[in-house]
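Here's a quick briefing for anyone opening this structure for the first time. Have a look at the sequence and the model, then read on.

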Amino acid sequence: MQYYSLNHNAPNVTFQEAVEQGLASDKGLYFPGSITRLPDSFFENIEKMSHEEIAFEAIKQFVGDEIPEAILKQIIAETLCFDFPVVEIESGVFSLELFHGPTMAFKDVGARFMSRCLGYFNSDKNNSYNTVLVATSGDTGGAVASGFLGVPSVDVVILYPSGKVSDIQERQLTTLGQNITALEVDGFFDDCQDMVKKAFLDESLQHKNLTSANSINIARWLPQMFYFFFTYKALKKYNKPLVFSCPSGNFGNICAGIVAKKMGVPIQHFIAATNINDTVPRFLKEGKYNPQSSKATLSNAMDVGNPSNFIRIQELYQNDLAEFKKDFSSFSFTDEETLVAMKNIFEKSGYVAEPHGAVGYLGLKQELQNHPEAIGIFLETAHPIKFLDTVEPALKIKLPIPMQIEPILNKEKWSVSVRNYEDLKNYLIQN
């Protein structure tokens, strides 16, 4: 498989090169040279297959022969070491729970897959190492820290916006030590992301072998397609159209879902549900892509003003807005609407949704009016415990502490303060 830059001014690369580089030399995101639809027989028999078998068939065309089949299957097995429940919370409305992994967020899938791919590629090289540089708006940092902890020949540097992630999210990326370092940035997520992109293109840092573990990296992004396959397997028995609502920040999940549809998963419609960071909802209304500075909200992992993966979505539809709108809707919601939704869900069903899932639920309910015959699925991207300061007072409950979280609660947080790109650059050079 060859990958090309979406800025179309850089050489095509292999899967390994795309993973190791993260971003193309012309600042473009890498995109697969082809997406091949899986045979009808695969979907006819999907309910007889394990998650590992489904994931292998889905990802192998994107990896090619660059990772031996046995190693790739081992990577998938280590990635998918937890479940992906599909829970009905009201008639025809399901929550896809993506928070049963080690850091209790959907990003465990991509982080674990990428870390193991990079570890395999480095195993063939003498004295080779990579510096994984990643920006986080909440959950990416913890998932990357956990996925790469102790991986040989890899250092991880995580940038996060000071005061704009939850306490548990911050602990997950500042308490591990070893090969993990957290940089606390005076700014917003977009500032962190801009600094990461700038570092990739800084020739004076080339000796650091920088790569990204954000969803701009294909090995972090593509595995997110797995759970759309898994959900189809779980709901196939209903024989109804599927509508997915994805709480959207950098738009990696929903973009991976569209890839799954291109590969044959019978998905009728997608909803990108956002908070007040509404760049994409405005684009669908106005026809102009006009990113704005991000604003802080209760659903902090979606506080993204310029979502990186949206250019990949445009590529999937060949920049044809009319075709895009047939498959895709996008709505934005305020914090007040989010809190009301959390309370309504809990009162009706006893189900505890955190702010991101509640935004996804709101988008789903709005779009299902146009698809009365469909089953609706919203993505619950993180465990409510990660937002206990919001969830507990809103629902007047006390959340039990999951076993994945307990070990970090009494650990000391440690981070390095960073004000601007020069601070980041100096840190990378000196360390």
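What follows is a short tour, grouped by topic.

This is a predicted model, so local features need pLDDT of at least 70 and side-chain atom pairs count only at pLDDT 80 or more, while totals for chains, interfaces and linings use all residues. Residues are numbered from 1 along each chain as its sequence is written, and side-chain values use heavy atoms, with hydrogens and water left out.

**The record and the N-terminal part**

- UniProt, in an unreviewed entry, lists residues 2-79 as "domain: Threonine synthase N-terminal"; positions are given in the numbering used here, feature names are shortened, and such annotations may be inferred rather than shown by experiment.
- That span, residues 2-79, is 46% helix and 12% strand, and its end C-alpha atoms lie 24 Å apart.
- Helices (H or I, at least four residues) and strands (E, at least two) are DSSP runs, numbered from the N terminus.

- Lys386 sits in the loop between strand E13 (375-380) and helix H17 (388-395).
- With 1% relative accessibility, Lys386 counts as buried; buried means under 20% relative accessible area, exposed over 50%, and partly exposed in between (1.4 Å probe, protein chains only).
- The side chain of Lys386 makes a polar contact with the side chain of Gln172, at 2.8 Å. A polar contact is a pair of N or O atoms within 3.5 Å; within protein, one must be able to donate a hydrogen and the other to accept it, and residues adjacent in sequence count only if both atoms are side-chain atoms.
- A polar atom of the Lys386 side chain also lies 2.8 Å from the backbone oxygen of Thr103.
- Leaving aside residues up to four places away in sequence, Lys386 touches Thr103, Met104, Ala105, Asp139, Ser166, Ile168, Gln169 and Gln172; contact means heavy atoms within 4.5 Å.

**Helix H7**

- Seven of the eight residues of H7 are buried, so this helix is largely enclosed by the rest of the structure.
- The buried ones are Ile168, Gln169, Glu170, Arg171, Gln172, Leu173 and Thr174.
- Their cover includes helix H6 (139-148), strand E7 (154-161), strand E8 (180-185) and H17.

**Salt bridges**

- How many salt bridges does a search of the whole structure find? It finds 14, where a salt bridge is a side-chain nitrogen of Lys or Arg within 4 Å of a carboxyl oxygen of Asp or Glu.
- Lys413 forms a salt bridge with Asp167, with the closest N and O atoms 3.2 Å apart. This pair links distant parts of the chain, 246 residues apart: Lys413 is in the loop between H17 and strand E14 (416-418), and Asp167 is in helix H7 (residues 167-174).
- Lys413 is partly exposed at 34% relative accessible area, and Asp167 is partly exposed at 34% relative accessibility.
- Lys60 forms a salt bridge with Glu57, and their closest N and O atoms are 3.1 Å apart. The two are three residues apart in helix H3 (residues 51-63), so about one helical turn separates them.
- Lys60 is partly exposed at 35%, and Glu57 is partly exposed at 26%.
- Arg419 forms a salt bridge with Asp423, with the closest N and O atoms 3.0 Å apart. Arg419 is exposed at 61%, whereas Asp423 is buried at 18%.
- Salt bridges that share partners join Asp167, Glu170, Arg171 and Lys413 into one network.

**Cysteines**

- The disulfide count comes to zero, a disulfide being a pair of cysteine sulfur atoms within 2.5 Å.
- Cys117 is buried, at 0% relative accessibility.
- Cys246 is in no disulfide either, as the nearest cysteine sulfur, in Cys255, is 10 Å away. Cys246 is buried too, with a relative accessible area of 0%.

**A hairpin**

- Strand E4 (residues 86-90) and strand E5 (residues 93-97) pair in the antiparallel sense over four bridges; two strands pair if DSSP finds at least two bridges between them.
- Val86 stands opposite Leu96 in E5.
- E4 and E5 form a hairpin with two residues between them, and Gly92 in the turn has a positive phi of about 80°.

**Leu362**

- Leu362 lies in helix H16 (residues 355-368) and is buried at 18% relative accessibility.
- Leu362 and Ala341 are 21 residues apart in sequence and 7.0 Å apart in space, C-alpha to C-alpha.
- Not counting residues up to four places away in sequence, Leu362 touches Phe333, Glu337, Thr338 and Ala341.
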